[in-house]
Amino acid sequence: MLELKPLFDIEEDVAPWLLNRRLTSLDEEDESTSPSRKELQIVNVEKNGSILYTWKGMKGNTCIGIYDPHNKQNQLLYAFDREAPLISCSVNTERTLLAVSILQFTRRGLPVETFRPVSRCLTLLIEIHPVNNTKVLKAVDSHVRVQFIHPAANTRAFPENHLLVVSEDRCIEHVHIRVAVEEGCRVVVQNPDRLHKTILAEDFLWAQWDTQEQRLFYIVEKENNAVLMCIQFYPDRNYEMQLSFPLGLSLTATKLRLVNFGFNHFQEEEESLELLNLQVFTNHAGTMSVCYSHPVQNKQEFTYSIILLHRGWRKTFAVSLEASECDCITEPTFINIGKDAKVKPWNDQRYMLSLPGSVLDCQLGKMYKADLNPQLLLLFMRGSKLDCHQLAALHCAVFYLQDSSETETQIIHWMCGMPVSGSFDLIQEFILGTLYRKAISETNTVDKLLPYTSLFNWDGEIPGITYSTEKISQPAFGEKIQNLQGFWEELNRNVESMKNLESLHNPWHNNSSMRKIKAQLFSNMKVDERANKHFRNTLENAKKVLSKVDKCSSEQQAVPLFQEEDCHQMVLTGLMVEKLKEYLLNYLHYIGRKKIDLIVNNYVVNLLGCIWQIVDKIWKKYGLKSHILCLSSRETVNPAEFIVFHMMTRVLEAVEGLFLPLPPELDNSETNESLKFSIVTRIPETFGQKICHLWDHPISSSCIARNYVETLLRNHCTQQKSKHFSLRDKTPFESDFLPLTYLARFLTEVEDQALNPFEDQENVDAKFVEVAALKQTLTILGLEDE
């Protein structure tokens, strides 16, 4: 379901430029030519997305160029006077210095033998603005990678530059380079023979460069345990050791693997079993995930672990492989699409670079943006038969694709056609997933405090996959806690909050205490509404939320909600605001009460809007117009109406199950009253009895009243003889309609002997019960039109 959207193709974005240089050049000595695809190779990608590449010039020499993705322009940076097999290359932000490491050659033009006294690899620092001097930084027999450290955006680090030199003999050096500007534009290195060097790490097993955030991750072995270290580089100071974390993994890798330090086209063939397949992913919200593929023991399955430092968990998955796939899959590839993802390699993994927001295929010379294919994901969602697939597809679609109104409509339509699952409620998952996505889009500080699912422990099976979850030790931060900034401050806050956070197992929105508080509020309201300050504050909270709810125009609106002040729903809305504020203040007090008020109000506004959107799109799908829904039993039954009623009851049941408020319902206009009565008469009797006690609405009074009368008549008609009443004995308060008067007098006699169905229930609208009884009697007698 992943699709790779092309961002860069070396044949389309570079080759035409090189050909044009050759055709338009007036200098016969120009080293540029139109190289073959095999000779045109990507070697590195810098922080700003600029791509460094190399090609063979007209005289067989080696040229280095750079492609700027922002203005889509190419530039020649440097040309050697001979062929120079390039291992690694990096350029500083100002494009004044170039660092390269190359393989050395003998006089015969062949690479030097390892036994010769000449060093096999040469690392150079070259002045290129303009081309001036060259300084040898390192001469060793092992390969070397170079990487300039780039300052943050809008920060000018000139005249000091910083360079990482990573040797495959397991040593990482930090080189300080000061430059000076001479003769107006000439940039030269100051004291090139006395550059300050610092050793950052030695005897490490693995290293990764975070291009975007300028972080160096590496792993060392301490007391037979692999420890993940991280150094953060800053624009206003050199660097700080920020993290030390024991991975708790038994590493058997014998060869060094370097991640995101460019691509070495002259690297010897390596056995993947001897390399450590591990990658770190972070984001600005303070999350850090370590993805690790265990060595492959057989071709029937592979195992990988995902360590969530910010959660304090390690999840290990064992994936069974189909027989047809055993020959082509040896290990998973981890790529960054905003969230961690695993895809089947479409190329030998050693050619892939996973960069922030993109994937670079160095072998093919192409860069892609890895993204979900909406059509394929929705197709998979609709065709899924297993609960685990449906749940995963739904959440994936809601989180990644719901910015599109059309996609949202397709998801809702799919839910309408799905049978009720025994393991989870699709509507509940859709509502919580939608609210979570919208909440974290406003602020990432709530991503671990708000629920994204009603399933806090998934007990279902996933075919072909077994997994386990275990707690991990907490990471240690190198500097004092109060000095942490940015990402590290957020990560530390996440780690600390997870130690005491109970929200994952005790969700605030489904707490039984809220039900008790709501019942107590109404109980106090019955005594003295004006004296109940808590009740008034709760209603004020609800009014503030409802004032922010976006109302659709009458042309777009199919379901006429938000038309009245439904007291019970307003109390639940206000109570939700109150409790959510209290909950967030326990963990986010540092962001201030005003910010929390805004987060909470928006959350409840989005909740009411999401529920309304579901119902509205259901009505629109089946072409039901506003206020028209099977108004009497004598009309022709429309099958679509049954479906809509069924879905509305499912929505009601889902919301009630989470104890969330509904949008205020219909007002008591004549048209809406007809709609309410039609709803009551069409709901199946067994389900209707349940809804009457759950749905706090005047229509429920009608259902309860009819059941009440039916119970009285059934229990007492067989025990008493019918009595005759005369209108001459009618009191001034009784109706002139004889059947209603007869019924009222009869009920008065038996009411004291019957159990009260309204005990422990909400108040019943007595006036509405009278109107309901009258309408029902008129309908039975066929007099409703007279």
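**Strand pairing and helix packing in the predicted model**

The model is predicted; local features require pLDDT of at least 70, side-chain atom pairs pLDDT 80 or more, while totals for chains, interfaces and linings use all residues. Numbering starts from 1 along each chain as its sequence is written, and side-chain values use heavy atoms, without hydrogens and water.

Strand 4 and strand 5 (residues 73-79) pair antiparallel over 6 bridges; pairing requires at least two DSSP bridges. Helices (H or I, at least four residues) and strands (E, at least two) are DSSP runs, numbered from the N terminus. The hairpin of strands 4 and 5 has 4 residues between the strands, and Lys72 there takes a positive phi near 55°. Strand 3 (residues 51-56) also runs antiparallel to strand 4, with 6 bridges. Lys56 is paired with Thr62. In this hairpin Gly60 has a positive phi near 85°.

Strand 4 (residues 62-68) is largely enclosed by the rest of the structure, because 7 of its 7 residues are buried (under 20% relative accessible area, 1.4 Å probe, protein chains only). Thr62, Ile64, Ile66 and Asp68 point one way; Cys63, Gly65 and Tyr67 point the other.

Helix 5 (residues 405-417) packs against helix 11 (residues 593-621) at about 80°, with axes 10 Å apart. Axes are lines fitted to C-alpha atoms over the stretch in contact, and angles run from 0 to 180 degrees between N-to-C directions. The two helices are therefore roughly perpendicular (65 to 115 degrees). Contacts (heavy atoms within 4.5 Å) involve residues including His413 in helix 5 and Lys617 in helix 11.

Key: Angles under 35 degrees count as roughly parallel, over 145 as roughly antiparallel, 65 to 115 as roughly perpendicular and the rest as oblique. Buried means under 20% relative accessible area, exposed over 50%, partly exposed in between (1.4 Å probe, protein chains only).
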